[in-house]
Amino acid sequence: MSNKTTEILDLYKKVMMPTFAPSVVLATGKGVTVRDVDGLVLYDFTSGIGIHNVGYSHPKVVQAIQEQAAALTHSSNLFATEPQVKLAEKLVELSGLGGKVFFCNSGAEANEAAIKLARKWGNANGGRYEIVTFRRGFHGRTLATVTATAQAWCQEGYDPLPVGFAYADFNDLESVKAAISDKTVAIMLEAIQGEGGVTPATDEFMRGIRQLCDEKNLLMICDEVQSGMGRTGTWFAWQGYDVKPDLFTLAKAIAGGLPMGALVSNAKFADVFTPGSHASTFGGNPVAAAAALAVIDVIESEKLLKRATEIGTLFREALQAEVDKHDKLLEVRGKGLMLGVVVDGDPKEVVEALKAQGILALTAGGNVVRFLPPLVLREEDLEEAIDMMSDAFDCVFGE
Ligand SMILES: *Cc1c(COP(=O)(O)O)cnc(C)c1O
């Protein structure tokens with residue numbers, strides 16, 4: 001490790017709470033690559049964990065941020081701004097749900113808003129407040145969302161957790177039925193579980209959830225924080241299924257690297273929140289909203305939904321070829337450019353080998369190597385990256 005990296009990581013260990021253990025110090029990003037403080041260039045197949053769908057430093061996003069920052073960075077929500085209203089209009093249009101939008105600053109906060117909206121409506125409609133969520137799901141790190149996240153590793157030590165959540169097994173409708181009680185108000189799920197292992201819901205499961213929600217007067221809430229904004233080849237992953245949720249949440253990629261979260265409703269639940277009943281100081285921040293409008297413009301003008309599907313197919317085929325070659329690589333999962341390879345072993349070892357070859361990747365679910373490359377990935381970049389990946393897999397599993 002060279003000087004600058006060592007120097008900053010030493011300081012990190014002294015002053016940063018150890019919630020992460022980074023080994024790379026990044027300085028800049030451009031398109032699908034990042035550069036560390038010592039000049040090392042890496043392919044980022046994490047997109048900063050699902051953020052840079054339009055690539056790092058896209059000129060249109062940079063320009064939108066610069067112009068809005070010079071005009072007005074914050075106004076408080078006592079006043080409206082044009083970018084936030086235009087963005088809400090756009091999200092309503094892209095969703096086709098005909099509802100309204102609430103803005104906040106993160107995925108956890110967007111899911112908190114969804115949970116609060118569901119409870120506010122449920123308490124007034126039959127005294128119901130319980131939300132069914134799924135094992136291996138992920139919804140954030142606040143107390144309520146960590147409880148919604150039915151995974152022991154991120155709940156440990158935080159007792160007492162809030163009441164009002166029941167857990168079911170993903171892609172198992174019988175377990176959902178068993179988890180529903182007379183207190184249930186909503187079912188919340190990721191159409192494609194990200195953190196939990198890159199597992200898509202089956203068509204049958206998504207339709208079954210919608211049907212259960214209709215029968216029992218429950219809200220269907222989709223967490224699109226990771227799978228949204230074009231990642232899986234549609235604007236939102238639920239659009240790849242023959243269903244419509246009542247609410248869905250966005251964050252991560254929405255504002256091209258700036259913090260922003262959003263809760264989008266259908267018409268039925270658009271006015272459950274009333275003045276004063278929920279708020280966020282920075283929510284709908286005009287700089288983030290201007291960046292998000294630019295992100296949407298780029299996804300549309302560069303046809304990135306189609307690209308996510310096409311490049312995703314090529315990437316998937318290349319990963320499948322690796323699975324065919326190595327006994328310890330078991331399966332390719334996912335959709336579009338949200339892909340995972342199931343490993344018989346420790347995925348961290350593979351992520352380390354990929355990094356040594358010059359590719360940043362993620363783990364998921366304890367046995368999955370997860371890839372979330374920018375949607376602007378070109379075929380020639382993918383080809384080069386696949387060669388590097390091939391070497392990394394050979395390195396870990398033998399040729
Ligand atoms: C990352 C993530 C969250 C949490 O988002 P934060 O912005 O970190 O609060 C919630 N849900 C899903 C599906 C995620 O991937």
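Colleague: Which residues does T147 touch, not counting those up to four places away in sequence?
Modeller: T147 touches Q155, L161, P162, F165 and Y167, where contact means heavy atoms within 4.5 Å. This is a predicted model, so local features need pLDDT of at least 70, side-chain atom pairs count only at pLDDT 80 or more, and totals for chains, interfaces and linings use all residues. Residues are numbered from 1 along each chain as its sequence is written, and side-chain values use heavy atoms, with hydrogens and water left out.

Colleague: Where is the place of T147, and is T147 buried or exposed?
Modeller: T147 sits in helix α6, residues 143-148. Helices (H or I, at least four residues) and strands (E, at least two) are DSSP runs, numbered from the N terminus. T147 counts as buried because its relative accessibility is 4%. Buried means under 20% relative accessible area, exposed over 50%, and partly exposed in between, with a 1.4 Å probe and protein chains only.

Colleague: Thanks! Which peptide bond is cis?
Modeller: The one from D159 to P160, with omega near -5°. P160 lies in the loop between α6 and β6 (165-168).

Colleague: On to the ligand. Which residues are around the ligand?
Modeller: The shell consists of S106, G107, A108, N111, F138, H139, G140, E190, D223, V225, Q226 and K252. A residue is near a molecule if one of its heavy atoms lies within 4 Å of it. Helix α5 (residues 107-124) gives the largest share of that shell, three residues.

Colleague: What lies 2.6 Å from an oxygen atom of the ligand?
Modeller: A polar side-chain atom of K252. There is also a backbone N or O atom of G107, 2.8 Å from a ligand oxygen, and a polar backbone atom of F138, 3.2 Å from a ligand nitrogen.

Colleague: Now α11. Which residues in helix α11 are buried?
Modeller: In α11 (residues 347-357), P347, V350, V351, A353 and L354 are buried. They are on the same side of α11 because they cover an arc of only 160° around the axis, the arc being that of the directions from the helix axis to the C-beta atoms.

Colleague: Why do residues three or four places apart point the same way?
Modeller: An α-helix has 3.6 residues a turn, so residues three or four places apart point the same way.

Colleague: What is on the other side of α11?
Modeller: K348 and A356 are there, and they are exposed. Cover for the buried residues of α11 includes β14 (338-343) and α12 (379-397).

Colleague: And what happens at the start of α11?
Modeller: A side-chain oxygen of D346 comes within 3.0 Å of the backbone nitrogen of K348 there. After α11 comes G358, with a positive phi near 105°.

Colleague: One more thing: what is phi of M229?
Modeller: M229 has a positive phi near 60°, in a residue other than glycine. M229 is in the loop between β10 (219-223) and β11 (247-250), and counts as buried at 1% relative accessibility. I49 also has a positive phi, near 60°, but I49 is partly exposed at 32% relative accessibility.

Note on methods. A polar contact is a pair of N or O atoms within 3.5 Å; within protein, one must be able to donate a hydrogen and the other to accept it, and residues adjacent in sequence count only if both atoms are side-chain atoms.
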